[in-house]
Amino acid sequence: MSKLWGGRFTKPTDQLVEEYTASIGFDQRLAEDDLRGSIAHVKMLGACGILPLEDVEKIVAGLQLLQQKLAEGQLTFDVAHEDVHMNMEKHLLDLIGPVGGKLHTGRSRNDQVALDMHLYLRRQVKEIIRLLAVLQDACLSMAKSHIDVIIPGYTHLQRAQPVLFSHHMMAYFWMFGRDVERLQDLVKRIDILPLGAGALAGTTFPIDRTRVAKELGFARIYENSMDAVSDRDFILEFLANAAILMMHMSRMCEELVMWCSTEFGFVELDDAYCTGSSIMPQKKNPDVAELVRGKTGRVYGNLLGLLTVLKSLPLAYNKDLQEDKEGMFDTVDTLQGALQLMAGMIGTMTVRKERLQTVVKQDFSNATDLADYLVRKGLPFRQAHEVIGKLVLYCIQNGKFLADLALDEYKQLSPLFDADCMDVINIRTVVDARNVLGGTATPQVLAAIEKAAVLLKQT
Ligand code: ARG
């Protein structure tokens, strides 16, 4: 089949070369954005008097017909036309004849593909921000509806101090909030128009880039044509932000996997979000949480992949840059899938309140409060730490918890203990005693929930 660039060639392309260099298999995902960009470009060519308006009208009508066909799933793509840009141009030529060949005036595939990537990613990042807000809302709702539930808090995965379940949920809310901020900031660097850079040096036609930027809603225009066609930082930054977001979700998933085990038993995931075993009838596996955790790997891989593609790449366009796409598409899909499933999984899980009421009493996570008690009685903290350490050891040796000891046993270790020491080790008291900004005390968490709800509405 003859190529749109065939003039200089005397032989057809080798079949393997054609397949190897083609990107149509994956870049057809840019079709919608490619048509949008072409319409803006050709309208500008008309407005600047570069093309006669009657030609522009024909081309725009042809492109709009292609938009319609695309939406109806009627456009087919051919590997012989290499990529989405040339497939579209071929379709246009078939539709409106040789006048379609004027569309590419003052444009190169190099600034065209860059434009498509900017348009595509801007749309997708906005959708990802929206999905993140839905996930944040699921965390917030769980926090609101479980404000009375206490769970063990861990450091080193050892019981440390009890916290409100809501406080734990809100930790993820704020974490995802930073992901939103990062993506919003990224939009600033996606929101730049590369079109008009030509192949690399600009164009000999008197184009109006400002007009195209306005038409496509870009806040800025690339200042340098070579930078415009070579820059993939915005994709790299997206992949980096995606990697951090996946890492956050993987941490949450890891906790869910632990929490729904028999050993922890803090929550039960909804049946709709679990799967069974082909051999063990009793199994209910947290596959979704595990897969989100696992898919973090491919997103990290996509980031490293593109970093490596870009390393040492000379200016300006090189075919290597075609390798920017699959990792980006895969990351968009992986993120959007994970975000939707996470929101559903969190929103439908059952917190095992009754079990947790027992669980939180079976440890020494109130020991810090007892040390603080001695500090308030005048003992230096370091000595108080030592006394309570001995008390814990005594408990372990005698199979007891702090609340099981008689006042006499306390007094044996320090005369500073009075009957009121029992009050400070009550788990609810322990939680509510941490009444500092950002702490786990109920009023603090309620205030955080309120603040978060206001913020979420603004996303
Ligand atoms: N399919 C190409 C890509 O994705 C489009 C740009 C091709 N430009 C070129 N000079 N071969 O990068």
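Tutor: Start with a definition: Ala, Val, Leu, Ile, Met, Phe, Trp, Tyr, Cys and Pro count as nonpolar, Asp, Glu, Lys and Arg as charged, and the others, Gly among them, as polar. Also, this is a predicted model.

Student: Okay. How do the residues of the shell around the ligand divide by class?

Tutor: Four are charged, three are polar and three are nonpolar.

Student: Which residues surround the ligand?

Tutor: Ser 23, Asp 27, Asp 83, Arg 109, Asn 110, Val 113, Tyr 317, Lys 319, Leu 321 and Gln 322.

Student: Which helix gives the most to that shell?

Tutor: Helix H6, residues 109-145, with three residues.

Student: And which domains does the shell draw on?

Tutor: Domain 1 and domain 2 each provide at least three of its residues.

Student: Back up. What domains does the protein have?

Tutor: The assignment gives domain 1 (6-105), domain 2 (110-145 + 165-200 + 219-354) and domain 3 (363-458).

Student: How many residues does the contact take from domain 1 and from domain 2?

Tutor: It takes 11 residues from domain 1 and 11 residues from domain 2.

Student: Which helix has the largest share on the domain 1 side?

Tutor: H3, with five residues. Helix H2 (24-27) supplies at least two residues of that side. By class, the domain 1 side has five charged, four polar and two nonpolar residues.

Student: New topic. What does UniProt place at residues 364-431?

Tutor: An unreviewed UniProt entry puts "domain: Argininosuccinate lyase C-terminal" there. Over residues 364-431 the chain is 65% helix and 0% strand. The end C-alpha atoms of this stretch are 14 Å apart.

How values were computed. Residues are numbered from 1 along each chain as its sequence is written. This is a predicted model: local features need pLDDT of at least 70, side-chain atom pairs count only at pLDDT 80 or more; totals for chains, interfaces and linings use all residues. A residue is near a molecule or strand if its C-beta atom, placed from the backbone, lies within 6 Å of it. Helices (H or I, at least four residues) and strands (E, at least two) are DSSP runs, numbered from the N terminus. Domain bounds come from an automatic or database domain assignment. UniProt positions are given in the numbering used here, feature names are shortened, and annotations may be inferred rather than shown by experiment. Two residues are in contact if their C-beta atoms, placed from the backbone, lie within 7 Å.
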